[in-house]
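Me: I'd like to go through the charged pairs in this one. Can you take me through them?

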Amino acid sequence: MQGTVATYDASTRSGVLLLDDGTELAFPARAFDASGLRLLRLGQRVRIERDAAGEIVRVTLPTMA
């Protein structure tokens, strides 16, 4: 699943994504930390990985494996 960064707080390493259908989806610091990224920019396109319970576990760039 992919979305666009709507908000990102570097101090908490969490934020909100805007999915293609207009749904806002918050992601926790642990999902950002799992990405290996150093920062996110507003409007940046990202890929979201979820666990079996539907929780976001990783936020990465679409080009990253």
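Me: How many salt bridges does the structure hold?
Reply: Quick caveats: this is a predicted model, where local features need pLDDT of at least 70, side-chain atom pairs count only at pLDDT 80 or more, and totals for chains, interfaces and linings use all residues. Residues are numbered from 1 along each chain as its sequence is written, and side-chain values use heavy atoms, leaving out hydrogens and water. A salt bridge here is a side-chain nitrogen of Lys or Arg within 4 Å of a carboxyl oxygen of Asp or Glu. On that basis, the count is four.

Me: Asp-33 and Arg-13 meet in a salt bridge; how many residues apart in sequence are the parts it ties together?
Reply: Their side chains come to 2.7 Å, N to O. Asp-33 lies in helix H1 (29-33) and Arg-13 in the loop between strands S1 (2-9) and S2 (14-19); helices (H or I, at least four residues) and strands (E, at least two) are DSSP runs, numbered from the N terminus. So the pair ties together parts that are apart by 20 residues.

Me: Is Asp-20 buried or exposed?
Reply: Buried means under 20% relative accessible area, exposed over 50%, and partly exposed in between (1.4 Å probe, protein chains only). Asp-20 has 59% relative accessibility, so it counts as exposed.

Me: Which residue meets Asp-20 in a salt bridge?
Reply: The N to O distance is 2.9 Å. The partner sits in strand S4 (residues 45-50), 25 residues apart from Asp-20. That's Arg-45.

Me: Which residues do salt bridges with shared partners join into one network?
Reply: Glu-49 forms a salt bridge with Arg-47, with closest N and O atoms 3.8 Å apart. Through shared partners, the network consists of Arg-47, Glu-49 and Arg-58.
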